[in-house]
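Here's a quick briefing to read alongside the model. Have a look at the structure first, then go through the points below.

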Amino acid sequence: MSKTLFDKVWDSHVVNSIENGPQILYIDKHLIHEVTSPQAFNELEDRKIPILRPNQIVATADHNTPTQNQEKPVEDELSRKQLAQLSENCKKNNITLYELGHKYNGIVHVMAPELGVTQPGLTMVCGDSHTSTHGAFGAIAFGIGTSQVAQVFASQCLLLTKPKSLRVTVNGKLKNGVLPKDVILYIIAKLGTNSGTGYFCEYAGNVFEEMSMEGRMTVCNMSIEMGARGGMIAPDQTTFDYVEGREFAPKGEAFKNKVAYWKTLPTDKDAKFDKEYHFDAQDIEPMITYGTNPGMGIKISEYIPEVSDASFEKSLKYMDFKKGESLINKPINFVFIGSCTNSRIEDFRVAANYIKGKQKANNVTAWLVPGSKQVEAQIIEEGLKTVFEDAGFELRQPGCSACLAMNDDKIPQGEYCVSTSNRNFEGRQGQGSRTILASPLVAAATAIEGKIIDITKQLN
Amino acid sequence: MEKFTTLQSTAIPLNIENVDTDQIIPARFLKATDRQGFGNNVFRDWRYHKDGSVNSDFVLNNPKYSGSILVAGDNFGCGSSREHAAWAITDFGFKVVVSSFFADIFKGNALNNGLLPIQVTDVCLKALLAQIEKHPETVIEVNLENQTILAKDINLLAHFEIDPYKKTCMINGYDDIDYLVNNIKLIEAFEAQKTY
């Protein structure tokens, strides 16, 4: 029978099926971080259950870490305790941890692919909804709650009902200046924030085939913002080239054998999906959001739609925007380039390329936060740090930072922030803050101009 | 996990769509390393103004409404995977959340914590919200065995779906860890012969 990429990976990981119930799904790699793991460690300790496969777990500290002075003790007491608890839990249970300051430390969804932990055909989980990122490699990867973290600790498995399948196909040539972030913001704006709930999504078409791994990760990362537990892209030569030679990637003959297997994974020609959508790449333009969920997005040159709905109006009131209004020329005082969506080297190259030779607007506070120590090192090595600093930007140390504002990187009450992150929820970047999601290019242009500009005019 | 069979209670209407987990429990409260106490900060930025004063316009602060059932707008629990959202809602005293649609991860987290997510039709949700908003004393009866939700005052009886396995877990107070740990031999056998 013809199978989808998702079917092939899922079916090969089913340990058993409960009659009229879920299946036991085997999990190959379990990523953990300081915020959603402590209660799971406690749970197992309380129930005197050992961790079954510590060597299949990789830990990092990212959500609740400072982006300045990482070499000094963490100032915030609660954060310091949470980080110490992760270190202690990992040590006690023989789990590999890349803690703050380690050369491999970084946002879990940036550092794991960099190290080659992420590979095609695997099942991967993490107590973080943006685990969908790893689907860019043709892995089944999804976010889980802390009870499930404990389940994987105890059994290396989860009890799950197989989700339905969805395919989003985008063919054609992308316009100049349209980045992977615009592609996914466009898809979510078209389909809405709950269109993918209950589904696993495959992205297909030449647009994704031609994307770098960094771009594919940006797309898959935001699958959860349309409700899909995960997103996947078929592994191909781009994937294999990225994985080859990385720390945990198979080597030599073993790698060749893996590649031969990975080549069998793409969706069969006549496989059926429960739901399909098709879009034309030519219709996509640089995108921007105006509301308080990622589905409330428009092309940057468009106007806020006129919708009569209480939730829509509540959202606009929070953002202090009006129906029918354009966002062009809105003054912006904060810009954030970072997060597991857009903090990879490619994102900083895009920003640096635009910024080079220009000066940041005086009214703007701009934070550039690399996704990992390795990205940070590469920024320095490629001379991008100098470009940023010459233009008046601040390059911070790696972490989740202002994406969720768990640390001190908070946007003040009432301020707008043009952000390359993934969620524009009320208060997401700090109490009362107002988030406008965009690509690294739009964010960089906003920082230079001190206001939102119609970037398409500069590009064409 | 606490057992759940039936519940009779008044309900609190939260007539807002797309309630995300950042609203249920903002990230700045996720620094704790145990499960208790999150109820103090549930819907924190809607319940309180930034200066710490109570926002009396928010429904959870309205003395008219009380009960252990939360009736909320479409697409409840979207956003992050933080189970702290389910902990915060249960810690505040809710045992049931009713909506016309739940985000996947939230729904799973709720079921793993003995919090019953009941999905009803849009029409049913609107009728419930309208009734509770007008008549806060309305009693709602939930029966998990029969998979029904009943509001006698408006003759509303709706059936809801739940995975049969999860239903058994909730009625008996079992969780997935119990099941999985009992199947370790099967899991080890899978590891020994996996083909990928």
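Setting aside neighbours within four places in sequence, A151(B) is in contact with L128(B), V139(B), I140(B) and L156(B), where contact means heavy atoms within 4.5 Å. Keep in mind that this is a predicted model, in which local features need pLDDT of at least 70, side-chain atom pairs count only at pLDDT 80 or more, and totals for chains, interfaces and linings use all residues. Residues are numbered from 1 along each chain as its sequence is written, chains are lettered from A and ligands numbered from 1 in the order in which they are written, and side-chain values use heavy atoms, with hydrogens and water left out.

- A151(B) sits in strand β7 of chain B, residues 148-151; strands (E, at least two residues) and helices (H or I, at least four) are DSSP runs numbered from the N terminus.
- With a relative accessible area of 1%, A151(B) is buried (buried is under 20% relative accessible area, exposed over 50%, partly exposed in between, using a 1.4 Å probe and protein chains only).
- I140(B), one of its contacts, is 11 residues away in sequence, with 4.8 Å between the C-alpha atoms.

**Chain B overall**
- Chain B has 8 helices and 8 strands.
- The C-alpha atoms of chain B fill a box of roughly 60 × 45 × 25 Å along the principal axes.
- Of the 196 residues in chain B, 57% are buried.

**Chain A overall**
- Chain A has 16 helices and 19 strands.
- Chain A is as compact as a globular protein of its length, because its radius of gyration of 21 Å is close to the 23 Å that the globule rule gives for 460 residues.
- Buried residues make up 67% of the 460 in chain A.
- Among chain A contacts between residues at least 6 apart in sequence, 75% link residues at least 24 apart.

**N422(A) up close**
- N422(A) lies in the loop between β18 (416-419) and β19 (434-437) of chain A.
- N422(A) counts as buried, at 0% relative accessibility.
- Its side chain makes a polar contact with the side chain of T341(A) at 2.9 Å (a polar contact is a pair of N or O atoms within 3.5 Å; within protein, one must be able to donate a hydrogen and the other to accept it, and residues adjacent in sequence count only if both atoms are side-chain atoms).
- Not counting residues up to four places away in sequence, N422(A) touches several residues, including H130(A), N221(A), C403(A) and R428(A).

Note on methods. The radius of gyration is taken over C-alpha atoms; the globule rule is 2.2 Å times the number of residues to the power 0.38.
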